[in-house]
Amino acid sequence: MSEELLRYEKLAGELAALIGDGVLTHGDRLPSVRRLAQERRLSVSTVVQALRQLEERGLVEARPQSGYFVCQTLAPRSQPQARPTPDAPMPVDISQRLVHVLQAGARPGVAPLSAALPANELLPIAALHRLYAGVARRHPRLLEAGSHVHMDQPALVRQLVRRSLAWGGPLAAEEFVIVNACTEALSLCLRAVTRPGDTVAVESPAYYLMLQLLEMLGLKALEIPCDPQTGMSVEALELATRNGGVAACLLVANGSNPLGSVMSDEKKRRLVALTATRGIPVIEDDIYGDLFLGNERPWPLKAFDTSGNVMLCASFSKCLSPSLRVGFVAAGRYRAAIALQKTITSGGTNPLTQIVLAEYLESGAVDRHLRNLRRHYQSQVKAMQAAVARYFPPATRIAQPQAGYVLWVELPEGVDTTAMHAAALRERLSYVPGELFSASGMYRNCLRLNCGNPHTPEIDDAIRRLGLIFGGGEAGGG
Ligand SMILES: Cc1ncc(COP(=O)(O)O)c(C=O)c1O
């Protein structure tokens with residue numbers, strides 16, 4: 001990234017840390033733009049950019065004629081900071097280590113803190129089972145006459161079009177391709193718009209499965225810095241794509257995994273305009289869009305797309321059941337290419353499950369369920385934040401997720417979460433080491449925790465014991 005970019009992100013990060021650590025508190029006036037520029041030997045525009053970023057994160061507010069002041073809504077702990085990323089695209093090599101981490105984390109008796117999976121009791125499993133039985137009875141011919149031409153069940157597409165009203169839609173039925181969950185959606189989109197050796201711009205830190213897909217498809221990752229609250233830096237993307245050579249941009253604008261950031265509408269609009277102008281297809285993963293932790297459903301990037309350049313991918317794995325394995329792409333002008341990829345990679349998507357999902361979405365139970373689920377995730381994330389604040393070393397930084405149910409934690413410099421992983425496993429504790437969220441091995445002092453389970457005394461104790469491994473102090477429960 002350019003020097004100028006690093007400077008403004010560095011300044012924003014330093015000021016945010018002063019606020020997070022309580023050195024600057026509510027109502028304090030920040031030094032003036034001119035003074036910051038003079039003292040830090042920065043240009044006025046760099047300082048203004050840094051202050052705007054803090055404003056977007058809700059840390060400071062501008063008061064006319066008076067300057068910038070620290071806001072009241074302070075995080076209880078410092079948040080992780082955006083980090084500068086390598087300029088060059090990188091080949092990805094995380095799969096072997098990732099598989100080991102996820103398999104070890106799923107062993108019986110290991111605290112369920114690694115894979116981003118919800119607790120079964122939070123999901124409408126019984127209702128779905130009843131629907132499977134009913135649909136199988138009422139549609140006895142569903143498994144006959146499989147078709148590679150008419151793969152999508154119109155009833156499900158109709159429900160998705162209806163739901164898209166809440167995504168800044170409605171989207172056209174013709175845009176949709178029904179697929180085997182979000183993993184397949186992302187894979188098909190990448191296959192449709194890239195060739196081996198191409199470079200794809202990704203978030204830093206990025207969801208490990210996205211990196212894995214790049215690895216499997218022989219693609220390189222260009223890591224773009226992300227603000228822990230407002231997501232991918234559009235300025236950094238602008239600089240990184242200035243000279244061309246980026247085949248696609250792959251990101252989670254709502255509820256990034258692992259940061260939980262949500263981009264503002266204004267940032268989304270800028271990103272969509274920039275990528276459209278530069279002819280860079282956007283692959284958007286909105287799997288956490290319905291699991292917002294704030295007041296209203298954030299719109300996806302797709303809502304701001306006027307040229308069909310955004311492929312919107314999602315599934316029902318995080319809110320209904322990870323085992324349904326049904327998702328979709330609203331594919332814009334790449335629809336034909338994606339439908340072709342779908343035909344040659346997996347044919348269709350199980351029609352019985354498509355109808356079950358369509359009937360569940362039609363039932364009206366879904367919105368009640370989602371409201372309830374959001375409440376649970378909200379309180380589980382809060383409880384996890386409190387436990388980490390209590391048990392981990394004092395200089396630990398904790399993310400403030402805006403959507404989803406994973407928690408990103410930055411330990412003090414020098415703590416190596418990859419090296420400590422074996423010790424945690426011996427204690428039947430799990431987490432995903434931070435370096436697996438980066439193609440270039442960044443974030444070795446970070447980790448991600450799954451908050452998909454109710455915060456039971458057992459989970460709390462697991463966090464306490466994890467804290468001890470990392471040098472945290474609080475030994476007792478109570
Ligand atoms: C951002 C993101 N995308 C996709 C997936 C995978 O989704 P699916 O199970 O629908 O393939 C996950 C699961 O953790 C995720 O966090």
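**Domain contact and nonpolar cores**

The centres of domain 2 and domain 3, taken over C-alpha atoms, are separated by 24 Å. The model is predicted. The domain assignment places domain 2 at residues 90–119 + 367–469 and domain 3 at residues 124–363. Domain 1 covers residues 3–70.

The contact between domain 2 and domain 3 draws 35 residues from domain 2 and 32 residues from domain 3. On the domain 2 side, four elements are listed as giving two or more residues: strand 3 (90–91), helix 4 (95–105), helix 13 (365–391) and strand 13 (406–410). Helix 13 gives the most to this side, with 7 residues. By class, the side of domain 2 that touches domain 3 holds 23 nonpolar, 9 polar and 3 charged residues.

The largest nonpolar core has 131 residues. Helix 7 (residues 181–193) gives the most to this core, with 9 residues. Both domain 2 and domain 3 give residues to the core, so it lies between them. In soluble globular proteins, nonpolar side chains tend to be buried together.

Within this core, Cys189 and Val329 touch the most other members. The two are also partners: Cys189 touches Val329. Further contacts of Cys189 are Ile283, Met311, Cys313 and Ile338. Residues up to four places away in sequence are not counted in this list.

A separate core lies apart from the largest one. This other core has 17 residues, among them Leu15, Leu24, Leu36 and Val47.

Definitions and conventions
Residues numbered from 1 in each chain as written. Predicted model: local features only at pLDDT ≥ 70, side-chain atom pairs only at ≥ 80, totals over all residues. Domains from an automatic or database assignment. Contact = placed C-beta atoms within 7 Å. Nonpolar A, V, L, I, M, F, W, Y, C, P; charged D, E, K, R; others polar. Core = buried A, V, L, I, M, F, W, Y, C linked by C-beta atoms within 7 Å. Buried ≥ 20, exposed ≤ 12 C-beta atoms within 10 Å, placed from the backbone.
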